[in-house]
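Trainee: I have a new model open and would like to walk through it with you. Could we take it step by step?

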Amino acid sequence: MRSLPFIISLWCTALSLLLSCSSGAEIIPSLEISSNGTTINNASITFDSNAGNCDIEIRSNTKWQITCNAQWVTISQPEGQGNGKVSISVAETSVARSAVVVVCLSEYGQ
(Lines give C-alpha, C1' and ligand atoms only; values in the text may rest on other atoms or scores of the structure.)
Protein backbone atom coordinates (compact mmCIF):
# COMPACT_ATOMS: atom_id res chain seq x y z
CA MET A 1 0.00 0.00 0.00
CA ARG A 2 1.30 3.45 -0.88
CA SER A 3 2.06 5.89 1.87
CA LEU A 4 -0.08 8.98 2.45
CA PRO A 5 2.81 11.45 1.77
CA PHE A 6 3.37 9.81 -1.64
CA ILE A 7 -0.30 10.09 -2.58
CA ILE A 8 -0.44 13.73 -1.43
CA SER A 9 2.72 14.51 -3.41
CA LEU A 10 1.31 12.82 -6.51
CA TRP A 11 -2.00 14.69 -6.16
CA CYS A 12 -0.20 18.07 -5.74
CA THR A 13 1.93 17.39 -8.80
CA ALA A 14 -1.11 16.50 -10.91
CA LEU A 15 -2.98 19.58 -9.67
CA SER A 16 -0.06 21.92 -10.43
CA LEU A 17 0.28 20.46 -13.95
CA LEU A 18 -3.42 20.90 -14.53
CA LEU A 19 -3.40 24.50 -13.36
CA SER A 20 -0.24 25.44 -15.27
CA CYS A 21 -1.45 24.14 -18.63
CA SER A 22 -2.92 26.66 -21.01
CA SER A 23 -6.53 26.16 -21.88
CA GLY A 24 -5.69 26.84 -25.51
CA ALA A 25 -8.67 29.16 -25.74
CA GLU A 26 -7.87 31.94 -28.15
CA ILE A 27 -9.28 35.41 -27.55
CA ILE A 28 -11.35 36.59 -30.47
CA PRO A 29 -10.79 40.35 -30.68
CA SER A 30 -13.89 42.50 -30.93
CA LEU A 31 -14.39 46.15 -31.79
CA GLU A 32 -17.61 48.13 -32.00
CA ILE A 33 -17.79 51.88 -32.59
CA SER A 34 -20.93 53.90 -32.08
CA SER A 35 -22.10 57.50 -31.94
CA ASN A 36 -25.37 58.53 -30.33
CA GLY A 37 -26.34 54.87 -30.02
CA THR A 38 -25.81 54.12 -33.73
CA THR A 39 -23.08 51.67 -34.78
CA ILE A 40 -20.49 53.17 -37.11
CA ASN A 41 -18.84 50.86 -39.67
CA ASN A 42 -16.88 52.48 -42.49
CA ALA A 43 -19.13 55.51 -42.10
CA SER A 44 -18.62 59.16 -42.85
CA ILE A 45 -19.04 61.88 -40.27
CA THR A 46 -19.76 65.26 -41.81
CA PHE A 47 -19.11 68.62 -40.17
CA ASP A 48 -20.08 72.06 -41.44
CA SER A 49 -17.46 74.79 -41.89
CA ASN A 50 -17.57 75.70 -38.19
CA ALA A 51 -15.36 73.97 -35.67
CA GLY A 52 -17.09 70.97 -34.14
CA ASN A 53 -16.75 67.62 -32.48
CA CYS A 54 -18.27 64.16 -32.50
CA ASP A 55 -18.24 61.84 -29.50
CA ILE A 56 -17.84 58.15 -30.20
CA GLU A 57 -17.99 55.12 -27.93
CA ILE A 58 -15.60 52.24 -28.38
CA ARG A 59 -16.41 48.77 -27.10
CA SER A 60 -13.57 46.28 -27.31
CA ASN A 61 -12.03 43.37 -25.44
CA THR A 62 -8.45 44.37 -26.24
CA LYS A 63 -6.18 47.38 -26.86
CA TRP A 64 -7.14 49.84 -29.59
CA GLN A 65 -5.58 52.83 -31.32
CA ILE A 66 -6.97 55.76 -33.34
CA THR A 67 -4.98 57.56 -36.03
CA CYS A 68 -5.79 60.37 -38.44
CA ASN A 69 -4.04 61.68 -41.55
CA ALA A 70 -4.97 65.37 -40.98
CA GLN A 71 -3.46 67.88 -38.58
CA TRP A 72 -6.74 69.78 -38.25
CA VAL A 73 -8.40 66.76 -36.58
CA THR A 74 -7.88 66.28 -32.84
CA ILE A 75 -8.55 62.97 -31.10
CA SER A 76 -9.07 63.22 -27.33
CA GLN A 77 -7.82 59.70 -26.55
CA PRO A 78 -5.72 58.16 -29.33
CA GLU A 79 -5.34 54.80 -27.58
CA GLY A 80 -6.93 52.71 -24.90
CA GLN A 81 -7.98 49.27 -23.79
CA GLY A 82 -11.48 47.91 -23.43
CA ASN A 83 -14.38 50.33 -23.53
CA GLY A 84 -13.88 54.08 -23.86
CA LYS A 85 -15.34 57.39 -24.99
CA VAL A 86 -13.43 59.50 -27.50
CA SER A 87 -14.10 62.97 -28.86
CA ILE A 88 -13.06 63.77 -32.43
CA SER A 89 -12.76 67.54 -32.99
CA VAL A 90 -12.20 69.50 -36.19
CA ALA A 91 -10.98 73.05 -36.69
CA GLU A 92 -12.99 75.70 -38.50
CA THR A 93 -12.45 76.01 -42.24
CA SER A 94 -13.53 78.01 -45.26
CA VAL A 95 -12.82 75.24 -47.80
CA ALA A 96 -14.09 71.69 -48.28
CA ARG A 97 -11.73 69.02 -47.00
CA SER A 98 -11.71 65.43 -45.87
CA ALA A 99 -9.70 63.24 -43.52
CA VAL A 100 -9.48 59.56 -42.69
CA VAL A 101 -9.76 58.46 -39.06
CA VAL A 102 -8.79 54.83 -38.46
CA VAL A 103 -9.63 52.81 -35.36
CA CYS A 104 -7.70 49.55 -35.13
CA LEU A 105 -7.00 46.82 -32.63
CA SER A 106 -3.35 47.58 -31.90
CA GLU A 107 -2.36 44.09 -30.70
CA TYR A 108 -3.82 42.40 -33.77
CA GLY A 109 -3.16 44.97 -36.51
CA GLN A 110 -6.83 45.00 -37.52
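Mentor: Happy to! Keep in mind as we go that this is a predicted model. Let's begin with the overall make-up.

Trainee: How many helices and strands does the protein have, and what pattern do they follow along the sequence?

Mentor: The count is 1 helix and 8 strands. Reading along the sequence puts them in order, and the pattern is α-β-β-β-β-β-β-β-β.

Trainee: What share of the residues is buried?

Mentor: To be buried, a residue needs a relative accessible area under 20%. The protein has 110 residues, and the buried share of them is 23%.

Trainee: And for contacts with a separation of 6 or more, what percentage joins residues 24 or more positions apart?

Mentor: Here we look at contacts in the protein with a separation of 6 or more. Among these, the share from residues 24 or more positions apart is 60%.

Trainee: How many bridges pair β3 with β7?

Mentor: These two strands pair in the antiparallel sense. One place to look is Asn53, which stands opposite Ser89 in β7. Between β3 and β7, the count is 7 bridges.

Trainee: On the β1 side, which residue in β3 is the bridge partner of Ser34?

Mentor: β1 and β3 are also antiparallel, with 4 bridges. Glu32 stands opposite Arg59 in β3. For Ser34, the bridge partner in β3 is Glu57.

Trainee: How far apart in space are Gly84 and Arg59?

Mentor: Along the sequence, they are 25 residues apart. From C-alpha to C-alpha, the distance is 6.7 Å.

Trainee: Now the loops. Is Asn36 buried or exposed?

Mentor: Asn36 belongs to the loop between β1 and β2. Though not a glycine, Asn36 has a positive phi of about 55 degrees. Its relative accessibility is 76%, so Asn36 counts as exposed.

Trainee: What separates the C-alpha atoms of Asn42 and Val101?

Mentor: Asn42 lies in the loop between β2 (38-39) and β3 (52-60), and at 86% relative accessibility it counts as exposed. Asn42 and Val101 are 59 residues apart along the chain. Their C-alpha atoms are separated by 9.9 Å.

Trainee: And where is Ala96 placed?

Mentor: Ala96 is exposed, with a relative accessible area of 81%. The C-alpha atoms of Ala96 and Asp48, 48 residues apart along the chain, are separated by 9.1 Å. As for its place, Ala96 is in the loop between β7 and β8.

Trainee: Last topic: which residues are closest to the centre of the largest pocket?

Mentor: The largest pocket holds about 800 Å³ of space. It is lined by 30 residues, and the closest to its centre are Ala43, Ser44, Ile45, Ala99 and Val101.

Trainee: Which elements give two or more residues to that lining, and how many of the lining residues are nonpolar?

Mentor: The elements are β1 (31-35), β7 (84-90) and β8 (101-104). The lining also includes 8 polar and 3 charged residues. The nonpolar residues number 19.

Notes:
Residues numbered from 1 in each chain as written. Predicted model: local features only at pLDDT ≥ 70, side-chain atom pairs only at ≥ 80, totals over all residues. Heavy atoms only, no water. Buried < 20%, exposed > 50% of the residue type's maximum accessible area, 1.4 Å probe, protein only. Contact = heavy atoms within 4.5 Å. 1 Å grid on protein atoms, 1.4 Å probe; cavity = no way out; pocket = protein on both sides within 12 Å on 5 of 7 lines; lining within 4 Å. Points joined across faces, edges and corners; volume = space filled by probe spheres on them. Nonpolar A, V, L, I, M, F, W, Y, C, P; charged D, E, K, R; others polar. Pairing = 2+ DSSP bridges.
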